[in-house]
Amino acid sequence: MPKTKAQKVKAVAEGVKELKTKETLVFADFKGVSTEETKRLRRALYPSGGKFTVFKKRLLRVMFQELGIDVNPKEFEGQVGTVMSSKDISEVAGTVFKFSKETIGADKQLRFKILGGYDLKAKRFLPGDEVRMIGALPPREVLLGQLVGAISGPLRAFLYVLSEKAKKSN
């Protein structure tokens, strides 16, 4: 049953109100994704303050125009679902990317395709490839651990050489 104009106006107002509290948007084509899989995505997004919602492209465009967001959802092919998060793109992209990798169909094609993202703070659109690359990165804590390891490795080797030299000189 189609929505009335009053229902659409209410949906746009609620969507604008919600978007004002968010920091990151990720757009995805969810054609072929089951309801159970969608519920699993919503549960996975919950800890990062994320929410997966579906708006008609036209209504989403009206919301974006109201907020000054320069993205036209009609340019995306297929059905567009929007992941809204109050966290940084790096935190939500990992969850969405992981879910996307889990939705490979029998024909070896992804059923949940990341179309792009939008950083609401920086007012910058991110292409789908960039969002996938960010999502493929390890979590922040792992990257910091790798950085510490890369810095301390040469120091440890230098200290080992010095200790061996000290043993030989005694």
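Modeller: Let us begin with pairing: two strands pair if DSSP finds at least two bridges between them. Strands (E, at least two residues) and helices (H or I, at least four residues) are DSSP runs, numbered from the N terminus. This is a predicted model, in which local features need pLDDT of at least 70 and side-chain atom pairs count only at pLDDT 80 or more, while totals for chains, interfaces and linings use all residues. Residues are numbered from 1 along each chain as its sequence is written, and side-chain values use heavy atoms, with hydrogens and water left out.

Colleague: What makes β1 and β4 a pair, and which residue stands opposite Phe27 in β4?

Modeller: Six bridges join β1 and β4 in the antiparallel sense, and the definition asks for at least two. Phe27 stands opposite Gly116 in β4, and Leu25 has Tyr118 as its bridge partner there.

Colleague: Which strand pairs with β1 over five bridges?

Modeller: That strand is β3 (residues 81–85), and the sense is antiparallel. Val26 stands opposite Val83 in β3.

Colleague: How are β4 and β5 joined?

Modeller: They run antiparallel with four bridges between them. Asp119 has Arg124 in β5 as its bridge partner. The two strands form a hairpin with four residues between them, and Lys123 in the turn has a positive phi of about 50°.

Colleague: Why is Leu19 called buried?

Modeller: Buried means under 20% relative accessible area, exposed over 50%, and partly exposed in between, using a 1.4 Å probe and protein chains only. Leu19 has a relative accessible area of 3%, so Leu19 is buried. This residue lies in helix α1 (residues 5–20).

Colleague: Which residues does Leu19 touch?

Modeller: Contact means heavy atoms within 4.5 Å. Not counting residues up to four places away in sequence, Leu19 touches Leu25, Met63, Phe64, Leu67, Met84 and Leu120. The C-alpha atoms of Leu19 and Leu120 are separated by 8.7 Å, although the two residues are 101 apart along the chain.

Colleague: Why is β1 described as largely enclosed?

Modeller: Six of its six residues are buried, so β1 is largely enclosed by the rest of the structure. Thr24, Val26 and Ala28 point one way from β1, and Leu25, Phe27 and Asp29 point the other way. As for β4, five of its seven residues are buried, and the strand is mostly covered.

Colleague: What puts the buried residues of α5 on the same side?

Modeller: The buried residues in α5 are Gly128, Val131, Ile134 and Gly135. They cover an arc of only 125° around the axis, which puts them on the same side of α5; the arc is that of the directions from the helix axis to the C-beta atoms. They pack against β1 (24–29), α4, β4 (113–119) and β5 (124–127). Asp129 and Met133 are exposed, on the face of α5 turned away from its buried side.

Colleague: Which elements give two or more residues to the lining of the largest pocket, and how much space lies in the pocket?

Modeller: On a 1 Å grid over the protein atoms alone, a pocket is an open set of points where a 1.4 Å probe fits, with protein on both sides within 12 Å along at least five of seven lines; lining residues have an atom within 4 Å of a point. The largest pocket holds about 290 Å³ of space. The elements are α4 (89–102), α5 (128–136) and α6 (140–169), and α4 gives the largest share, four residues.

Technical notes:
Grid points are joined across faces, edges and corners, and a volume is the space filled by probe spheres set on the points.
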